[in-house]
Amino acid sequence: MLKKLFQSFRSPLRKPQQHVRTTPEVLSSSQHSLQRNQFSRYAVNIVERLQTAGYQAYLVGGCVRDMMLGITPKDFDVATSATPEQIRAEFRNARIIGRRFKLVHIHFGREIIEVATFRANHPIDDEDEDSNQSSRNESGRILRDNVYGTLEDDAQRRDFTINALYYDPVTERVLDYANGVHDIRNRLIRLIGDPQQRYKEDPVRMLRAVRFAAKLDFGIEKHSATPIRPLAPMLRDIPSARLFEEVLKLFLSGYAEATFEMLVDLELFEPLFPASSKALEYNPTYTHTLISEALANTDLRIKQNKPVTPAFLFAALLWPALPARVLRLQERGMPPIPAMQEAAHELITEQCQRIAIPKRFTMPIREIWDMQERLPRRSGKRADLLLENPRFRAGYDFLLLRELAGEETDGLGEWWTDYQDANDSGRRDMIRDLGSKPDATGQAPRKRRRSSSGKRKRAGVDGAE
Ligand code: ATP
Ligand code: MG
């Protein structure tokens with residue numbers, strides 16, 4: 001009894017700021033630009049079937065947001081009042097997947113529609129907590145989150161207002177609980193609820209704010225931007241496997257260059273890439289140019305539908321942090337080549353503690369870096385052997401990137417460009433010309449031949465496989 005009385009005094013003070021209405025603004029088909037036939041017919045079909053079975057069901061999240069902006073959605077998400085088990089009972093091609101949240105994937109050939117049960121925000125009062133379903137750590141971070149809720153609850157627990165729009169393809173109405181349509185019109189990323197609390201619950205939301213701002217060319221609303229710098233260090237506690245996935249989304253969505261600028265500006269880059277962030281401090285122009293050129297090329301390749309490999313990206317992000325380490329080891333008496341090997345190993349191991357880069361990518365990072373030591377050594381049959389190496393293209397692109405950032409290589413990139421363009425006898429001449437120089441030291445000849453095109457190939461993030 002006393003406890004109840006106490007709670008009734010305390011609860012209103014501890015409740016988070018409410019930005020979500022319990023009654024949504026309802027936009028009829030004439031008040032918005034969405035059309036049912038623009039959405040995946042499978043997703044629309046799922047919504048119809050769930051509704052016929054008596055459940056509430058809507059298209060939600062990124063697909064509604066992107067459609068309103070005239071962008072083709074990456075995927076289609078459905079939110080429903082049906083539980084995962086109830087969803088599975090309706091669809092034979094449904095699979096329950098349980099990573100952070102329990103979700104249902106419904107498969108249609110290669111297309112997968114993600115169907116999620118309405119979820120509620122985390123109960124704030126300790127007394128409310130059911131430790132089987134939800135838990136927070138001492139800084140307020142949500143560790144598990146499987147509390148089902150109503151449609152209103154579901155809108156409230158979403159991250160940004162523009163991600164909390166629900167489209168019913170049957171009535172063609174949009175439900176807007178958090179003024180998302182207003183923020184879409186004003187091109188603003190705004191957290192739902194109290195920004196500081198929402199970032200503390202899940203610090204990855206800071207990265208998501210940047211990702212959407214860069215992708216949509218939106219601003220981050222003032223109150224949603226202010227807490228980011230002070231809370232950025234919280235990213236250090238996020239599991240490294242989750243951060244790897246987020247970092248791929250940040251840098252492989254076609255807006256990596258703008259994303260990088262924003263991450264640095266909001267001090268989010270440091271907790272993700274501590275060593276590179278130091279390099280950015282000590283050697284700003286070179287580090288910044290190398291990373292942003294690599295990212296600009298990734299963006300370009302994605303727009304051209306060309307393959308990109310995360311290995312090249314990580315190789316570029318970490319490369320500027322290498323020299324300081326190599327130097328430190330050399331000062332301790334290690335010869336240059338072992339020092340380089342050891343520094344590369346240390347740097348990657350350290351980075352993997354923050355961002356769990358899988359082995360299938362760390363190996364090629366090392367190979368791209370090793371290639372930088374091998375490209376200057378071209379005498380005899382070495383140049384031809386290097387050309388046949390499956391990593392040659394990535395290594396060569398990386399060399400051009402280093403030159404673009406201002407590294408002095410004595411024209412090595414141009415030599416390789418010419419060598420690839422030359423015919424057999426031209427190649428023999430080029431190798432013969434090297435004879436006068438001790439190439440094992442990495443010196444390239446000063447006198448260079450120009451290829452017929454005379455053009456330098458641009459550095460690119462190449463699949464290289
Ligand atoms: P895109 O798929 O284009 O990257 P999206 O908005 O669909 O963007 P998803 O990661 O697919 O992003 O998430 C789907 C929806 O789930 C989001 O729109 C948002 O409403 C909600 N959501 C995802 N992650 C979080 C989070 N960390 N906190 C709160 N809500 C989230
Ligand atoms: Mg999505």
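## Loops and helices in a predicted model

Student: With 44% relative accessibility, what does Glu267 count as: buried, exposed or partly exposed?
Tutor: Buried means under 20% relative accessible area, exposed means over 50%, and partly exposed is in between (1.4 Å probe, protein chains only). At 44%, Glu267 therefore counts as partly exposed.

Student: What kind of model is this?
Tutor: Residues are numbered from 1 along each chain as its sequence is written, while chains are lettered from A and ligands numbered from 1 in the order in which they are written. Side-chain values use heavy atoms, leaving out hydrogens and water; local features need pLDDT of at least 70, side-chain atom pairs count only at pLDDT 80 or more, and totals for chains, interfaces and linings use all residues, as this is a predicted model.

Student: Where is Glu267 found?
Tutor: Glu267 is not a glycine, yet its phi is positive, near 60 degrees. Glu267 is in the loop between H12 and H13.

Student: Asp410 has a positive phi too; is Asp410 buried or exposed?
Tutor: The phi of Asp410, which is not a glycine, is about 60 degrees. Asp410 sits in the loop between H21 and H22. With a relative accessible area of 17%, Asp410 is buried.

Student: How far apart are the C-alpha atoms of Glu407 and Tyr286?
Tutor: Along the chain, Glu407 and Tyr286 are 121 residues apart.

Student: How are H15 and H16 arranged relative to each other?
Tutor: Axes are lines fitted to C-alpha atoms, for helices over the stretch in contact, with angles from 0 to 180 degrees between N-to-C directions. The axes of H15 (284-303) and H16 (310-318) come within 8 Å and cross at roughly 165 degrees. Angles under 35 degrees count as roughly parallel, 65 to 115 as roughly perpendicular, over 145 as roughly antiparallel and the rest as oblique. H15 and H16 are therefore roughly antiparallel.

Student: Which residues of H16 meet H15?
Tutor: H15 contributes Leu290, Ile291, Ala294, Leu295 and Thr298 to this contact. Their partners in H16 are Leu313, Ala316 and Leu317.

Student: Which residues does Ser276 contact?
Tutor: Ser276 lies in H14 and is buried, with a relative accessible area of 0%. The cover over the buried residues of H14 includes H12, H13, H15, H16, H17 and H18. Leaving aside neighbours within four places in sequence, Ser276 contacts Phe269, Thr287, Leu317, Leu318 and Ala321.

Student: Is Gly70 buried or exposed?
Tutor: Gly70 is in the loop between H3 (62-68) and E3 (77-80). At 68% relative accessibility, Gly70 counts as exposed.

Methods. Helix = DSSP H or I, 4+ residues; strand = E, 2+ residues; numbered from the N terminus. Contact = heavy atoms within 4.5 Å.
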